[in-house]
Amino acid sequence: MAKAIVIYDTNYGYTETMAKAIVVGMEGAGVDVELKKVLAAKEEDLEGVDAVVLGSPTYHHDMISSMKMFLFKMKKVDLKGKVGAAFGTYGFSGEAVEMMSDTMKHIFEMDMIEPDLKMKGMEVVTREKECKEFGKKIAGRIK
Ligand SMILES: Cc1cc2nc3c(=O)[nH]c(=O)nc-3n(C[C@H](O)[C@H](O)[C@H](O)COP(=O)(O)O)c2cc1C
C-alpha cells in the first residue's frame, strides 16, 4: 500500500480543515496516510513514505514560522524525486503555499503536484470537495 504523510500547522483551524479533507481524499483512493501537526513531525517521519504533503496558512506575507523551521529539518532527508504537494489557506495575499512548493521543488528536488492548492480561510467549508480531489490526485501519482 502506498504511504503518505500530511504535515501542517494552523492557528484558527482553517488549514486543518483542508488537511483533513485532503487526507479523506487520499485514503479514499487507497493510500495509507499519517496526519501530523508540524511541531509533532520529525525528519524520520519522511522516510519510507511515497509522498510528503505540506500545509501552511499565510501570516505576514510568509509561511507560518513552525513550517519554516521544519523545512530546515526536511533538508536533512534525501527527498529527491519523491512526490510532494503543498496547500494552505490565506486572507488576501497567500504567499505561503508557493514558498513551500518552491522549496520542495528547487531545494529538495521533489516531484511536485501542480498546481498547488490554496483557498481563502472562509471558503474551506464550501470547497472541501476540491481538497478531497487534490488528495485523490496525489494518490494517483503514487499508486
Ligand atoms: C495576524 C495575521 C496576519 C495575517 N497575514 C496575512 C497575510 O500576510 N496574507 C494573507 O493572505 N493572509 C493573512 N492572514 C489571514 C490568514 O492567512 C487566514 O486567516 C488563514 O486562513 C488562517 O489559517 P489558519 O486558521 O490555518 O491559521 C493573516 C491573519 C492574521 C490573524
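Predicted model: local features only at pLDDT ≥ 70, side-chain atom pairs only at ≥ 80, totals over all residues.
A residue counts as near a molecule or strand if its C-beta atom, placed from the backbone, lies within 6 Å of it.

**View 1. Who sits around the ligand?**
Of the 18 residues around the ligand, the nearest are Tyr12, Thr15, Pro57, Gly91 and Gly121. Helix H1 (14–28), strand S4 (58–59) and strand S6 (83–90) are the elements that each give two or more residues to this shell. Helices (H or I, at least four residues) and strands (E, at least two) are DSSP runs, numbered from the N terminus. Residues are numbered from 1 along each chain as its sequence is written.

**View 2. Stepping back to the whole chain.**
The protein chain has four helices and eight strands, and they follow the pattern β-α-β-β-β-β-α-β-α-β-β-α along the sequence. The radius of gyration of the chain is 13 Å, close to the 15 Å that the globule rule gives for 143 residues, so the chain is as compact as a globular protein of that length. (The radius is taken over C-alpha atoms, and the rule is 2.2 Å times the number of residues to the power 0.38.) Along its principal axes, the C-alpha trace spans about 35 × 30 × 25 Å. Of the 143 residues, 45% count as buried. Buried here requires 20 or more other C-beta atoms within 10 Å of a residue's own; exposed is 12 or fewer, partly exposed is in between, and C-beta atoms are placed from the backbone.

**View 3. Strand S6, covered on both faces.**
Eight of the eight residues of S6 are buried, so this strand is largely enclosed by the rest of the structure. In a regular strand the side chains alternate between the two faces of the sheet. In S6, Val83, Ala85, Phe87 and Thr89 are buried on one side, and Gly84, Ala86, Gly88 and Tyr90 on the other. Strand S3 (residues 51–55) and S6 pair in the parallel sense over five bridges, with valine 52 opposite glycine 84. S6 also pairs in the parallel sense with S7, over two bridges, and here glycine 84 stands opposite methionine 112. Four bridges join S6 to S8, again parallel, and the partner of glycine 88 in S8 is lysine 118.

**View 4. Strand S1 and its lysine.**
Five of the six residues of strand S1 (residues 3–8) are buried, so S1 is largely enclosed by the rest of the structure. Six bridges join S1 to strand S2 (residues 32–37), running parallel, and tyrosine 8 faces lysine 37 in S2. Lysine 3 also lies in S1, but is partly exposed, with 13 other C-beta atoms within 10 Å. Its C-alpha atom is separated by 4.9 Å from that of valine 49, 46 residues apart along the chain. Leaving out residues up to four places away in sequence, lysine 3 touches Asp32, Gly48, Val49 and Asp50. Touching means a contact: the C-beta atoms, placed from the backbone, lie within 7 Å.

Glycine 135 is part of helix H4 (residues 128–142). Is this glycine buried or exposed? With 30 C-beta neighbours inside 10 Å, glycine 135 counts as buried. Not counting residues up to four places away in sequence, glycine 135 touches Ile22, Val23, Val24, Gly25 and Met26.

Most residues other than glycine have a negative phi, and most peptide bonds are trans. Histidine 61, in the loop between S4 and strand S5 (62–63), has a positive phi of about 60 degrees although it is not a glycine. Glutamate 109, in the loop between H3 and S7, has a positive phi too, about 55 degrees. Histidine 61 is exposed, with 12 other C-beta atoms within 10 Å, while glutamate 109, with 14 such neighbours, counts as partly exposed. Finally, the peptide bond from glutamate 114 to proline 115 is cis, with omega near 0 degrees.

Key. Contact = placed C-beta atoms within 7 Å. Pairing = 2+ DSSP bridges.
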